[in-house]
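User: Hi! I'm new to protein structures and would like to learn how charged side chains pair up. Could you take me through this one?

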Amino acid sequence: MKLSLKSKVILIFFIMEVLVGLSEVIHLRFFKLPQLYLLEAVTDEKDVTRIKNAFTSSVNELAILSYDNAVWNDAYDYINDRNSKFIKTNFVQDTYNSININGIYLYDKQGVLAWGKSFNRDTHKPIKLAAFDLPSEFIENNLLTIGEYNTPIKKSGYTVFDGKLVMFAATSIFRADLTAKTNGTLVFWRFVDKDILLDLQKRAGIEFEIETISDIIKKNAKKITKDTYIKGSYRDHEQLISDYYPMLTKNSRIYFTYKAPKRLFVSSWFNGETI
């Protein structure tokens, strides 16, 4: 069938429009969008790092407090003589309130509890936590300094006791001038409750939620993956960003998530206005 000149012009124009549209789609799909996704992922990763740094800075501050109270002549002497005046003078209720902790525990170099108490920070009433009172095998193996060492040993981090997330800092007890040898361990701990979460959010400058998860919980398998629809991006289909902070507890970690900042570009293939 022979086409008229008008029909040929229309056909050529249509083919050109299709080719232009196709080239735009190819440019957007394989060049423009990947660059924008990469820039977005870099920004998201900085936010994730800020949250992880918030967890680290918070527990580091607790570790400094633990060190200051463990590398101290009075604490060293107490482990040796068990003079109750030391406890009555230094570890009163105001001490717990001023440094915002739930528990203080002192153990000798064999791992035997010398003294310890925990309080509810809201009601100020004593609470029991068997892991510290016994102490548990986990405490002995991961927090306490058993034996004698020539330098202070510091351990800090996050774990779970009785189903609750806990922040801890443990330091071997030493003389202030670092002479002699270690003769025990001092442990500070606190629950990571709503007040601590608010502090973590403030440090990060991001409102995020947390929960503890275990690799062995199969129902959470999908939840604990970073496999998203954009390679290299932390965002999922619901525009949530998530990652993890390690815990001392084996095969467990702190899962945090927050709503991603609004995307500053349009990802549709058929929308040339990507910015």
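Analyst: Happy to! Keep in mind that this is a predicted model. Let's begin with Arg235 and Asp44, whose side chains meet in a salt bridge, N to O at 2.8 Å.

User: What makes the contact of Arg235 and Asp44 a salt bridge?

Analyst: The cut-off is a nitrogen of Lys or Arg within 4 Å of a carboxyl oxygen of Asp or Glu. Arg235 and Asp44 are 2.8 Å apart, N to O, so the pair qualifies.

User: Why is Asp47 called buried?

Analyst: Buried means under 20% relative accessible area. Asp47 has 9%, so Asp47 counts as buried. Its salt-bridge partner is Arg50, and both lie in helix 1, 3 residues apart.

User: And how do you know whether Arg50 is buried, partly exposed or exposed?

Analyst: Arg50 has 38% relative accessibility.

User: What makes Glu148 and Lys109 a salt bridge?

Analyst: Their closest N and O atoms are 2.5 Å apart, and the cut-off is within 4 Å, so the pair counts. Glu148, at 44%, is partly exposed, and Lys109, at 25%, is partly exposed too.

User: How many salt bridges does the whole structure have?

Analyst: The search finds 10.

Notes. Residues numbered from 1 in each chain as written. Predicted model: local features only at pLDDT ≥ 70, side-chain atom pairs only at ≥ 80, totals over all residues. Heavy atoms only, no water. Helix = DSSP H or I, 4+ residues; strand = E, 2+ residues; numbered from the N terminus. Buried < 20%, exposed > 50% of the residue type's maximum accessible area, 1.4 Å probe, protein only.
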